[in-house]
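These are my notebook entries on a single protein model.

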Amino acid sequence: MSENNTVTFIITRQDHPDEPTYEETFEIPYRENMNVISALMEIRRNPVNANGEATTPVYWDMGCLEEVCGACSMVINGTPRQSCTALVDQLEQPVRLAPMSTFPVNRDLAVDRSRMFDSLKKVKAWVPIDGTYDLGPGPRMAESKRQWAYELSKCMTCGVCLEACPNVNSKSDFIGPAPLSQVRLFNSHPTGEMNKSERLQTIMDEEGLMGCGNSQNCVQSCPKGIPLTTSIAALNRDTAIESFKSFFGSDQRV
């Protein structure tokens, strides 16, 4: 915050996916407890840059504003994180905002996270059911398993772990830590484990576990504190067992 009670934002912008990027500086009045989202709303309300020139409102994604939906992910001062929980008072000035580079940019700070959603489809990150009718109570889970499975279920597909991972880039098909962790989650479910072998077979290549370089950036950057590297380690064990079963054959593939 400067002496005249303003906050400076330097925002990387892109008007169209096929157009070059550029930086634009904005100065807005400081307010106590302001977060990055509220600052962007102020810029949108009065889209005038630091030179006093009228410009187009900055475009970004947001949803819940409670760090649950994962839509407002962006790079703030060089660190991928959720902008709804990024308080201006705790950020170095000027505040630099940029879109995540792992995903294609739609416009300004909004990116297309289809790469991650396609990976979730590939690994079948869901529990299949026969229909929408009432199936009654499902099988019980042991409390010890439920507790760590709940931690994995906190994933909000924000893409921050993929942005932090050096192995997820335009030259790699590695699906990233979030989809891998979801494999472990749904394989632990009493009903979901019926597709356990199919999911494990899907991640036994360079797009899956072989693409992980164990940099552990993902677990350090995850806003929900999900034990992503623990999941990857557990999946390495599960795929090793699965490969032996596939090679030698098994009447019971679990």
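**Entry 1. The domain interface**

I searched the interface of domain 1 and domain 2 for salt bridges, and the rule finds 0; a salt bridge is a side-chain nitrogen of Lys or Arg within 4 Å of a carboxyl oxygen of Asp or Glu. The model is predicted, so I took local features only at pLDDT of at least 70 and side-chain atom pairs only at pLDDT 80 or more, while totals for chains, interfaces and linings use all residues. Residues are numbered from 1 along each chain as its sequence is written, and side-chain values use heavy atoms, with hydrogens and water left out.

Domain 1 covers 6-111 and domain 2 covers 113-248, with bounds from an automatic or database domain assignment. I noted 31 Å between the two domain centres, taken over C-alpha atoms. In contact (heavy atoms within 4.5 Å) are 15 residues of domain 1 and 13 residues of domain 2. The two domains bury about 1,200 Å² between them, 57% of it on carbon and sulfur atoms; buried area is the accessible area (1.4 Å probe) that two parts lose on being put together, summed over both.

I then looked for polar contacts across this interface and recorded 6 residue pairs, both residues at pLDDT 80 or more. A polar contact is a pair of N or O atoms within 3.5 Å; within protein, one must be able to donate a hydrogen and the other to accept it, and residues adjacent in sequence count only if both atoms are side-chain atoms. On the side of domain 1 that touches domain 2, the elements giving two or more residues are β3 (73-76) and β4 (79-82).

**Entry 2. Thr102**

Where is Thr102 found? I located Thr102 in the loop between β5 (95-98) and β6 (105-107). Strands (E, at least two residues) and helices (H or I, at least four) are DSSP runs, numbered from the N terminus. Thr102 has a relative accessible area of 12% and is therefore buried; buried means under 20%, exposed over 50%, and partly exposed in between (1.4 Å probe, protein chains only).

Leaving aside neighbours within four places in sequence, Thr102 is in contact with Arg115, Leu162, Glu163 and Val168. The side chains of Thr102 and Glu163 are joined by a polar contact of 2.8 Å. A polar atom of the Thr102 side chain also lies 3.4 Å from the backbone oxygen of Leu162.

**Entry 3. Salt bridges**

How many salt bridges does the structure hold? I recorded 11.

I looked up Arg45 and Glu42 and found a salt bridge, with the closest N and O atoms 2.8 Å apart. Both residues lie in helix α1 (residues 36-45), 3 residues apart, about one turn of the helix. An α-helix has 3.6 residues a turn, so residues three or four places apart point the same way. Arg45 counts as exposed at 61% relative accessibility, whereas Glu42 is buried at 16%.

Glu207 and Lys122 form a salt bridge whose closest N and O atoms are 2.2 Å apart. This pair links distant parts of the chain, 85 residues apart: Glu207 is in the loop between α6 (196-202) and α7 (217-221), and Lys122 is in helix α2 (residues 114-122). Glu207 is partly exposed at 28%, and Lys122 is partly exposed at 31%.

Lys124 and Glu198 meet in a salt bridge at 3.6 Å, N to O. I also noted a network of salt bridges that links Arg13, Glu24, Arg107 and Asp108.

**Entry 4. Helix α1 and overall figures**

Of the 10 residues of α1, 7 are buried, so the helix is largely enclosed by the rest of the structure. The buried residues include Val36, Ile37, Leu40 and Ile43. I found the buried residues of α1 packed against β1 (6-13), β2 (22-29), β3 and β5.

For the protein, I recorded 8 helices and 7 strands. Buried residues make up 44% of its 254 residues. The C-alpha trace spans about 75 × 40 × 30 Å along its principal axes.
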